Amino acid sequence: MKPQPFALLARPLRRILLLGAVVGAAPAQAQLRLPSLNLPLPQSLGVIDTETLRDRGTRLLASADVRALGELRLLQVGDLLRQHRDVLEPDPRGEPMVRSQILAWSPSAASLRAAKAAGLKVIEVSTLDGLDETIVVLGVPPGTSTAAMLEKLRALDPGGQYDFNHVYTASAARSMGLSAPADAPERPAGAARSGVRIGLIDGGVADNHPVFREAAVTRWGCEGKLIPDAHGTAVAALMIGHSSRFRGVAPGAELYAADVYCSSPVGGSAERIATALGWLAKQQIAVINISLVGPPNQTLERAVGAMVRRGHLLVAAVGNDGPAAAPLYPASYPGVVGVSGVDRDGRTLPEAARGPQVMFAAPGNQMVSAALGNPPYRVVRGTSFAAPIVAAMLAGELNKPEPLAARHAISTLARQASGAPANGVSDAIGYGVLGAAFRNEPGNFR
(Lines give C-alpha, C1' and ligand atoms only; values in the text may rest on other atoms or scores of the structure.)
Protein backbone atom coordinates (compact mmCIF):
# COMPACT_ATOMS: atom_id res chain seq x y z
CA MET A 1 0.00 0.00 0.00
CA LYS A 2 1.20 3.43 -0.86
CA PRO A 3 1.26 5.97 1.95
CA GLN A 4 -0.74 9.11 1.35
CA PRO A 5 1.27 12.28 0.70
CA PHE A 6 -0.37 14.22 3.52
CA ALA A 7 0.69 11.55 6.01
CA LEU A 8 4.32 11.81 4.98
CA LEU A 9 4.59 15.54 4.50
CA ALA A 10 1.92 17.38 6.47
CA ARG A 11 2.28 15.24 9.57
CA PRO A 12 6.03 14.51 9.95
CA LEU A 13 5.73 13.98 13.70
CA ARG A 14 3.01 11.33 13.44
CA ARG A 15 3.84 7.68 13.92
CA ILE A 16 3.56 6.55 10.32
CA LEU A 17 3.68 2.91 9.30
CA LEU A 18 1.67 1.18 6.58
CA LEU A 19 -0.81 -1.47 7.59
CA GLY A 20 0.32 -3.84 4.85
CA ALA A 21 -0.74 -7.39 5.38
CA VAL A 22 -1.86 -6.64 8.92
CA VAL A 23 -5.01 -4.89 7.77
CA GLY A 24 -5.68 -7.23 4.89
CA ALA A 25 -8.79 -6.14 3.09
CA ALA A 26 -8.97 -2.63 4.58
CA PRO A 27 -9.48 0.08 1.95
CA ALA A 28 -6.41 1.80 0.63
CA GLN A 29 -7.34 5.15 2.10
CA ALA A 30 -7.43 3.78 5.65
CA GLN A 31 -3.80 4.48 6.41
CA LEU A 32 -3.02 4.38 10.11
CA ARG A 33 -0.47 6.34 12.05
CA LEU A 34 1.11 3.34 13.77
CA PRO A 35 4.03 3.36 16.19
CA SER A 36 7.44 3.81 14.67
CA LEU A 37 10.03 1.27 15.77
CA ASN A 38 12.93 3.69 15.63
CA LEU A 39 12.84 6.94 17.53
CA PRO A 40 15.01 9.83 16.38
CA LEU A 41 17.90 10.44 18.72
CA PRO A 42 17.35 13.41 21.02
CA GLN A 43 18.84 16.62 19.72
CA SER A 44 20.87 18.99 21.84
CA LEU A 45 18.87 21.80 23.40
CA GLY A 46 21.72 24.16 22.66
CA VAL A 47 22.94 26.90 24.96
CA ILE A 48 20.71 27.39 27.99
CA ASP A 49 19.84 30.99 28.73
CA THR A 50 20.08 31.33 32.50
CA GLU A 51 18.37 34.73 32.31
CA THR A 52 15.41 32.96 30.71
CA LEU A 53 15.40 30.61 33.65
CA ARG A 54 14.73 33.53 35.96
CA ASP A 55 12.30 35.37 33.67
CA ARG A 56 10.14 32.52 32.39
CA GLY A 57 10.34 30.58 35.58
CA THR A 58 8.09 33.17 37.17
CA ARG A 59 5.35 32.60 34.59
CA LEU A 60 4.05 29.49 36.33
CA LEU A 61 4.48 31.06 39.76
CA ALA A 62 2.35 34.06 38.80
CA SER A 63 -0.61 32.16 37.38
CA ALA A 64 -2.70 31.86 40.56
CA ASP A 65 -5.53 33.99 39.13
CA VAL A 66 -6.00 31.82 36.03
CA ARG A 67 -9.25 29.85 36.07
CA ALA A 68 -9.61 28.50 32.53
CA LEU A 69 -9.68 24.72 32.28
CA GLY A 70 -6.87 24.84 29.77
CA GLU A 71 -4.55 26.42 32.36
CA LEU A 72 -5.27 24.25 35.37
CA ARG A 73 -1.96 22.44 34.90
CA LEU A 74 -0.17 25.78 35.15
CA LEU A 75 -1.91 26.38 38.44
CA GLN A 76 -0.94 22.93 39.69
CA VAL A 77 2.69 23.40 38.63
CA GLY A 78 2.76 26.89 40.10
CA ASP A 79 1.53 25.53 43.41
CA LEU A 80 4.19 22.83 43.37
CA LEU A 81 6.96 25.34 42.74
CA ARG A 82 5.72 27.72 45.44
CA GLN A 83 5.13 25.10 48.10
CA HIS A 84 8.31 23.09 47.56
CA ARG A 85 11.00 25.60 46.68
CA ASP A 86 13.46 23.62 48.77
CA VAL A 87 13.30 20.56 46.48
CA LEU A 88 11.88 21.89 43.19
CA GLU A 89 12.84 24.65 40.78
CA PRO A 90 11.65 25.78 37.32
CA ASP A 91 13.60 24.91 34.19
CA PRO A 92 14.20 27.56 31.49
CA ARG A 93 10.65 27.01 30.20
CA GLY A 94 9.12 27.28 33.64
CA GLU A 95 8.47 23.54 33.96
CA PRO A 96 9.13 21.90 37.34
CA MET A 97 12.24 19.84 37.97
CA VAL A 98 14.00 18.39 40.97
CA ARG A 99 16.28 21.07 42.36
CA SER A 100 20.01 20.69 41.67
CA GLN A 101 19.74 17.36 39.84
CA ILE A 102 20.89 16.31 36.36
CA LEU A 103 20.21 12.92 34.80
CA ALA A 104 22.78 11.00 32.76
CA TRP A 105 21.56 8.19 30.50
CA SER A 106 23.83 5.11 30.66
CA PRO A 107 26.98 7.23 30.98
CA SER A 108 30.42 5.79 30.29
CA ALA A 109 33.14 5.74 32.90
CA ALA A 110 34.80 8.63 31.10
CA SER A 111 31.55 10.61 31.21
CA LEU A 112 31.25 10.12 34.94
CA ARG A 113 34.84 11.22 35.44
CA ALA A 114 34.09 14.38 33.46
CA ALA A 115 30.99 15.01 35.56
CA LYS A 116 32.92 14.60 38.81
CA ALA A 117 35.68 16.87 37.53
CA ALA A 118 33.01 19.53 36.88
CA GLY A 119 31.98 19.33 40.53
CA LEU A 120 28.98 17.01 40.22
CA LYS A 121 28.52 14.06 42.55
CA VAL A 122 26.65 10.80 41.99
CA ILE A 123 23.48 10.76 44.12
CA GLU A 124 21.88 7.58 42.83
CA VAL A 125 22.25 4.95 40.13
CA SER A 126 18.97 3.45 38.86
CA THR A 127 19.22 0.22 36.89
CA LEU A 128 16.53 -0.33 34.27
CA ASP A 129 16.64 -4.11 34.37
CA GLY A 130 14.17 -4.71 31.58
CA LEU A 131 15.89 -2.24 29.25
CA ASP A 132 19.57 -2.97 29.98
CA GLU A 133 20.21 0.70 30.69
CA THR A 134 21.10 2.83 33.70
CA ILE A 135 20.22 6.31 34.86
CA VAL A 136 22.71 8.17 37.02
CA VAL A 137 21.36 11.04 39.12
CA LEU A 138 24.02 13.75 39.45
CA GLY A 139 23.95 16.39 42.17
CA VAL A 140 24.81 19.99 41.33
CA PRO A 141 27.11 21.75 43.83
CA PRO A 142 25.44 24.26 46.19
CA GLY A 143 25.36 27.78 44.81
CA THR A 144 25.66 26.59 41.20
CA SER A 145 22.88 27.06 38.66
CA THR A 146 21.42 23.74 37.52
CA ALA A 147 20.85 25.14 34.03
CA ALA A 148 24.39 26.46 33.76
CA MET A 149 25.82 23.16 34.97
CA LEU A 150 23.78 21.22 32.40
CA GLU A 151 25.14 23.48 29.68
CA LYS A 152 28.69 22.95 30.92
CA LEU A 153 28.28 19.18 31.15
CA ARG A 154 26.97 18.93 27.60
CA ALA A 155 29.93 20.96 26.38
CA LEU A 156 32.37 18.70 28.23
CA ASP A 157 30.76 15.52 26.91
CA PRO A 158 28.93 16.23 23.60
CA GLY A 159 28.30 12.52 23.02
CA GLY A 160 26.56 12.04 26.37
CA GLN A 161 22.86 12.28 27.12
CA TYR A 162 22.08 14.67 29.96
CA ASP A 163 18.92 16.50 31.03
CA PHE A 164 17.09 17.93 34.00
CA ASN A 165 15.12 15.63 36.28
CA HIS A 166 11.73 17.03 35.26
CA VAL A 167 8.60 16.37 37.29
CA TYR A 168 5.42 15.17 35.54
CA THR A 169 1.89 15.83 36.79
CA ALA A 170 -1.51 14.21 36.39
CA SER A 171 -3.47 15.04 33.25
CA ALA A 172 -6.81 15.51 35.03
CA ALA A 173 -8.98 18.59 34.83
CA ARG A 174 -11.19 18.17 37.89
CA SER A 175 -13.40 15.81 39.88
CA MET A 176 -16.60 16.15 41.89
CA GLY A 177 -17.88 13.89 44.65
CA LEU A 178 -21.08 11.88 44.38
CA SER A 179 -23.49 11.31 47.24
CA ALA A 180 -23.99 7.63 46.60
CA PRO A 181 -24.51 4.76 49.07
CA ALA A 182 -21.68 2.30 49.48
CA ASP A 183 -21.48 -0.76 47.29
CA ALA A 184 -23.11 -3.96 48.45
CA PRO A 185 -20.63 -6.01 50.53
CA GLU A 186 -20.95 -9.18 48.48
CA ARG A 187 -18.11 -9.99 46.13
CA PRO A 188 -18.91 -9.00 42.55
CA ALA A 189 -19.60 -11.67 40.00
CA GLY A 190 -17.82 -12.04 36.71
CA ALA A 191 -14.40 -10.81 37.82
CA ALA A 192 -12.48 -14.03 37.16
CA ARG A 193 -8.92 -13.82 35.83
CA SER A 194 -8.95 -13.06 32.12
CA GLY A 195 -5.28 -13.57 31.27
CA VAL A 196 -5.02 -9.87 30.37
CA ARG A 197 -2.20 -7.88 32.01
CA ILE A 198 -2.02 -4.08 32.05
CA GLY A 199 0.67 -1.72 33.29
CA LEU A 200 0.09 1.60 35.04
CA ILE A 201 2.51 4.39 35.89
CA ASP A 202 0.77 6.85 38.21
CA GLY A 203 0.09 7.42 41.89
CA GLY A 204 -0.67 4.59 44.31
CA VAL A 205 -3.79 2.47 43.76
CA ALA A 206 -6.08 2.03 46.79
CA ASP A 207 -6.63 -1.66 46.21
CA ASN A 208 -8.89 -1.88 49.27
CA HIS A 209 -11.57 0.09 47.38
CA PRO A 210 -14.71 -1.97 46.58
CA VAL A 211 -13.99 -1.88 42.84
CA PHE A 212 -10.73 -3.78 43.41
CA ARG A 213 -12.21 -6.40 45.74
CA GLU A 214 -11.32 -9.26 43.42
CA ALA A 215 -8.59 -7.54 41.45
CA ALA A 216 -5.02 -8.78 41.19
CA VAL A 217 -2.69 -5.80 41.70
CA THR A 218 1.10 -6.12 41.73
CA ARG A 219 2.70 -2.97 43.11
CA TRP A 220 6.08 -1.31 42.60
CA GLY A 221 7.60 1.70 44.33
CA CYS A 222 7.51 3.37 47.76
CA GLU A 223 9.69 0.61 49.26
CA GLY A 224 6.72 -1.74 49.28
CA LYS A 225 4.39 0.65 51.12
CA LEU A 226 0.89 1.36 49.80
CA ILE A 227 0.28 5.11 49.59
CA PRO A 228 -3.17 5.55 47.99
CA ASP A 229 -3.53 8.37 45.50
CA ALA A 230 -6.82 9.75 44.18
CA HIS A 231 -5.64 10.07 40.58
CA GLY A 232 -3.97 6.67 40.39
CA THR A 233 -6.99 4.99 41.97
CA ALA A 234 -9.44 6.59 39.54
CA VAL A 235 -7.32 5.71 36.52
CA ALA A 236 -6.83 2.10 37.66
CA ALA A 237 -10.56 1.66 38.30
CA LEU A 238 -11.38 2.63 34.72
CA MET A 239 -9.17 -0.21 33.54
CA ILE A 240 -9.85 -3.11 35.92
CA GLY A 241 -12.46 -1.95 38.46
CA HIS A 242 -15.69 -3.86 39.12
CA SER A 243 -18.42 -3.60 41.74
CA SER A 244 -22.18 -3.86 42.06
CA ARG A 245 -22.60 -0.58 40.19
CA PHE A 246 -19.25 0.13 38.52
CA ARG A 247 -17.40 -1.62 35.71
CA GLY A 248 -14.07 -0.85 34.10
CA VAL A 249 -13.02 -2.00 30.65
CA ALA A 250 -11.21 -5.19 31.72
CA PRO A 251 -12.33 -6.16 35.26
CA GLY A 252 -10.62 -9.55 35.14
CA ALA A 253 -7.23 -8.19 34.13
CA GLU A 254 -4.12 -8.18 36.30
CA LEU A 255 -2.74 -4.72 37.03
CA TYR A 256 0.96 -3.99 37.43
CA ALA A 257 0.91 -0.61 39.13
CA ALA A 258 4.04 1.52 39.54
CA ASP A 259 3.68 4.35 42.06
CA VAL A 260 6.10 7.06 40.94
CA TYR A 261 4.84 9.65 43.45
CA CYS A 262 4.81 8.01 46.91
CA SER A 263 3.32 11.27 48.28
CA SER A 264 6.66 13.03 47.71
CA PRO A 265 6.90 16.58 46.30
CA VAL A 266 9.55 15.28 43.89
CA GLY A 267 7.36 12.36 42.84
CA GLY A 268 6.63 11.83 39.18
CA SER A 269 10.18 12.67 38.15
CA ALA A 270 11.63 11.61 34.81
CA GLU A 271 14.02 9.28 36.63
CA ARG A 272 11.19 7.51 38.49
CA ILE A 273 9.03 7.14 35.38
CA ALA A 274 11.93 5.74 33.36
CA THR A 275 12.82 3.31 36.15
CA ALA A 276 9.18 2.19 36.35
CA LEU A 277 9.24 1.54 32.61
CA GLY A 278 12.27 -0.68 33.15
CA TRP A 279 10.37 -2.67 35.80
CA LEU A 280 7.36 -3.12 33.51
CA ALA A 281 9.63 -4.15 30.65
CA LYS A 282 11.16 -6.82 32.89
CA GLN A 283 7.65 -8.08 33.72
CA GLN A 284 6.90 -8.24 29.98
CA ILE A 285 3.82 -6.03 30.33
CA ALA A 286 2.80 -5.19 26.77
CA VAL A 287 0.44 -2.23 27.32
CA ILE A 288 1.16 0.53 29.84
CA ASN A 289 -0.98 3.55 30.70
CA ILE A 290 0.70 6.85 31.61
CA SER A 291 -1.85 9.60 32.38
CA LEU A 292 0.92 12.07 33.20
CA VAL A 293 2.14 15.11 31.30
CA GLY A 294 5.15 17.37 31.23
CA PRO A 295 7.95 18.76 29.06
CA PRO A 296 10.26 16.91 26.64
CA ASN A 297 13.11 15.19 28.41
CA GLN A 298 16.02 13.26 26.90
CA THR A 299 16.09 10.61 29.61
CA LEU A 300 12.36 9.92 29.34
CA GLU A 301 12.57 9.92 25.54
CA ARG A 302 15.34 7.33 25.61
CA ALA A 303 13.33 5.08 27.93
CA VAL A 304 10.18 5.45 25.83
CA GLY A 305 12.13 4.69 22.65
CA ALA A 306 13.59 1.54 24.17
CA MET A 307 10.11 0.35 25.13
CA VAL A 308 8.60 1.05 21.71
CA ARG A 309 11.40 -0.76 19.91
CA ARG A 310 10.70 -3.84 22.03
CA GLY A 311 7.04 -3.84 21.01
CA HIS A 312 5.42 -2.32 24.10
CA LEU A 313 2.45 -0.01 23.62
CA LEU A 314 2.64 3.08 25.82
CA VAL A 315 -0.72 4.84 26.08
CA ALA A 316 -0.59 8.42 27.35
CA ALA A 317 -2.97 11.30 27.92
CA VAL A 318 -2.32 14.23 25.56
CA GLY A 319 -3.10 16.77 28.28
CA ASN A 320 -5.56 19.53 29.07
CA ASP A 321 -3.55 22.68 28.35
CA GLY A 322 -5.85 23.66 25.47
CA PRO A 323 -5.95 23.15 21.70
CA ALA A 324 -3.25 25.74 20.97
CA ALA A 325 -0.82 24.62 23.66
CA ALA A 326 2.61 23.17 22.98
CA PRO A 327 2.75 19.35 22.86
CA LEU A 328 3.07 17.55 26.17
CA TYR A 329 5.04 14.40 26.88
CA PRO A 330 5.28 11.42 26.91
CA ALA A 331 2.17 11.41 24.68
CA SER A 332 3.97 13.36 21.94
CA TYR A 333 6.93 11.02 21.55
CA PRO A 334 6.92 8.92 18.35
CA GLY A 335 5.43 5.51 18.92
CA VAL A 336 3.28 6.54 21.91
CA VAL A 337 -0.51 6.15 21.64
CA GLY A 338 -1.73 9.65 22.50
CA VAL A 339 -5.32 9.81 23.75
CA SER A 340 -7.69 12.77 23.93
CA GLY A 341 -11.06 13.01 25.68
CA VAL A 342 -14.63 13.50 24.48
CA ASP A 343 -17.94 14.18 26.20
CA ARG A 344 -21.13 12.09 26.12
CA ASP A 345 -21.97 13.42 22.64
CA GLY A 346 -18.56 12.62 21.21
CA ARG A 347 -17.37 16.23 21.21
CA THR A 348 -13.72 16.85 22.03
CA LEU A 349 -13.15 18.43 25.43
CA PRO A 350 -12.40 22.13 24.85
CA GLU A 351 -9.30 21.93 27.07
CA ALA A 352 -7.88 18.82 25.38
CA ALA A 353 -4.71 19.10 23.32
CA ARG A 354 -4.91 18.91 19.54
CA GLY A 355 -2.28 17.82 17.05
CA PRO A 356 -0.51 14.89 15.40
CA GLN A 357 0.15 13.31 18.80
CA VAL A 358 -3.55 12.39 19.10
CA MET A 359 -4.08 8.80 17.94
CA PHE A 360 -7.45 8.07 19.57
CA ALA A 361 -10.07 9.67 21.80
CA ALA A 362 -12.24 8.12 24.50
CA PRO A 363 -14.75 9.25 27.15
CA GLY A 364 -13.19 11.89 29.38
CA ASN A 365 -16.14 13.78 30.84
CA GLN A 366 -19.58 13.22 32.39
CA MET A 367 -18.52 9.89 33.85
CA VAL A 368 -17.66 8.33 37.18
CA SER A 369 -14.65 6.56 38.64
CA ALA A 370 -13.43 5.38 42.03
CA ALA A 371 -12.40 7.89 44.70
CA LEU A 372 -10.62 7.83 48.04
CA GLY A 373 -12.71 8.15 51.19
CA ASN A 374 -16.38 9.03 51.23
CA PRO A 375 -18.10 9.30 48.81
CA PRO A 376 -16.31 6.38 47.16
CA TYR A 377 -17.05 7.58 43.61
CA ARG A 378 -16.47 10.86 41.81
CA VAL A 379 -17.32 12.47 38.50
CA VAL A 380 -14.03 12.87 36.65
CA ARG A 381 -12.93 14.99 33.73
CA GLY A 382 -9.77 15.17 31.63
CA THR A 383 -7.67 13.23 29.16
CA SER A 384 -6.20 11.36 32.16
CA PHE A 385 -9.38 9.33 32.31
CA ALA A 386 -9.71 8.72 28.58
CA ALA A 387 -6.27 7.12 28.22
CA PRO A 388 -6.91 4.13 30.54
CA ILE A 389 -9.99 3.16 28.54
CA VAL A 390 -7.92 2.91 25.37
CA ALA A 391 -5.08 1.18 27.24
CA ALA A 392 -7.39 -1.52 28.59
CA MET A 393 -8.90 -2.07 25.15
CA LEU A 394 -5.42 -2.43 23.62
CA ALA A 395 -4.35 -4.82 26.39
CA GLY A 396 -7.07 -7.18 25.25
CA GLU A 397 -5.41 -7.27 21.82
CA LEU A 398 -1.75 -7.57 22.88
CA ASN A 399 -0.65 -10.08 25.51
CA LYS A 400 3.12 -9.72 25.15
CA PRO A 401 5.50 -7.10 23.73
CA GLU A 402 6.09 -7.69 20.03
CA PRO A 403 6.40 -4.96 17.37
CA LEU A 404 4.28 -6.55 14.65
CA ALA A 405 1.58 -7.61 17.11
CA ALA A 406 1.56 -4.08 18.56
CA ARG A 407 0.84 -2.62 15.12
CA HIS A 408 -1.89 -5.16 14.60
CA ALA A 409 -3.50 -4.26 17.94
CA ILE A 410 -3.63 -0.60 16.95
CA SER A 411 -5.04 -1.34 13.51
CA THR A 412 -7.73 -3.49 15.12
CA LEU A 413 -8.84 -0.66 17.37
CA ALA A 414 -8.61 1.87 14.56
CA ARG A 415 -11.17 -0.10 12.60
CA GLN A 416 -13.49 0.03 15.62
CA ALA A 417 -13.11 3.79 16.14
CA SER A 418 -15.79 6.22 15.03
CA GLY A 419 -16.07 9.88 14.10
CA ALA A 420 -12.79 10.48 12.24
CA PRO A 421 -12.73 11.94 8.71
CA ALA A 422 -13.29 9.30 6.04
CA ASN A 423 -9.99 9.92 4.25
CA GLY A 424 -7.74 11.20 6.99
CA VAL A 425 -6.82 11.54 10.63
CA SER A 426 -8.22 14.21 12.91
CA ASP A 427 -6.00 16.41 15.06
CA ALA A 428 -8.78 16.30 17.66
CA ILE A 429 -9.62 12.58 17.85
CA GLY A 430 -6.96 10.86 15.72
CA TYR A 431 -8.42 7.72 14.17
CA GLY A 432 -11.62 8.21 16.09
CA VAL A 433 -13.46 7.65 19.35
CA LEU A 434 -13.25 4.38 21.28
CA GLY A 435 -14.90 3.00 24.40
CA ALA A 436 -18.15 4.96 24.52
CA ALA A 437 -19.86 1.88 25.96
CA PHE A 438 -17.50 1.91 28.96
CA ARG A 439 -18.67 5.25 30.32
CA ASN A 440 -20.01 4.89 33.88
CA GLU A 441 -22.90 7.35 33.95
CA PRO A 442 -23.30 9.62 37.00
CA GLY A 443 -27.03 8.90 37.08
CA ASN A 444 -26.32 5.35 38.22
CA PHE A 445 -24.62 6.59 41.40
CA ARG A 446 -27.25 8.89 42.88
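Reader: Hi! What should I know about the model before we start?
Author: It is a predicted model, where local features need pLDDT of at least 70, side-chain atom pairs count only at pLDDT 80 or more, and totals for chains, interfaces and linings use all residues. Residues are numbered from 1 along each chain as its sequence is written, and side-chain values use heavy atoms, with hydrogens and water left out.

Reader: Great. Which residues does UniProt annotate as "active site"?
Author: The unreviewed UniProt entry gives Asp202, His231 and Ser384; such annotations may be inferred rather than shown by experiment, and positions follow the numbering used here. They spread over 183 residues of sequence but cluster in space, with a largest C-alpha distance of 10.3 Å.

Reader: Where does His231 sit?
Author: His231 is in helix α6, residues 230–240 (helices are DSSP runs of H or I, at least four residues, and strands are runs of E, at least two, numbered from the N terminus).

Reader: And is His231 buried or exposed?
Author: His231 counts as buried because its relative accessibility is 11% (buried is under 20% relative accessible area, exposed over 50%, partly exposed in between, with a 1.4 Å probe and protein chains only).

Reader: What does the His231 side chain make a polar contact with?
Author: The side chain of Asp202, at 2.8 Å. A polar contact is a pair of N or O atoms within 3.5 Å; within protein, one must be able to donate a hydrogen and the other to accept it, and residues adjacent in sequence count only if both atoms are side-chain atoms.

Reader: Nice. Where is Ser384?
Author: Ser384 lies in the loop between β17 (377–381) and α9 (387–395). With 0% relative accessibility, Ser384 counts as buried. Beyond neighbours within four places in sequence, its contacts include His231, Val235 and Ser291 (contact means heavy atoms within 4.5 Å).

Reader: Switching topic: what about Val293, buried or exposed?
Author: Val293 is buried, at 2% relative accessible area, and belongs to strand β12, residues 292–293. Asn320 is 27 residues from Val293 in sequence and 9.2 Å away, C-alpha to C-alpha.

Reader: Last one: how many residues are in the largest nonpolar core?
Author: There are 56, and Ile198, Val337, Phe360, Val390 and Leu394 touch the most other members. Helix α9 gives the most to this core, 8 residues. Apart from it lies another core of 40 residues, including Leu128 and Val260. A nonpolar core is a set of buried Ala, Val, Leu, Ile, Met, Phe, Trp, Tyr and Cys residues joined through side-chain atoms within 4.5 Å.
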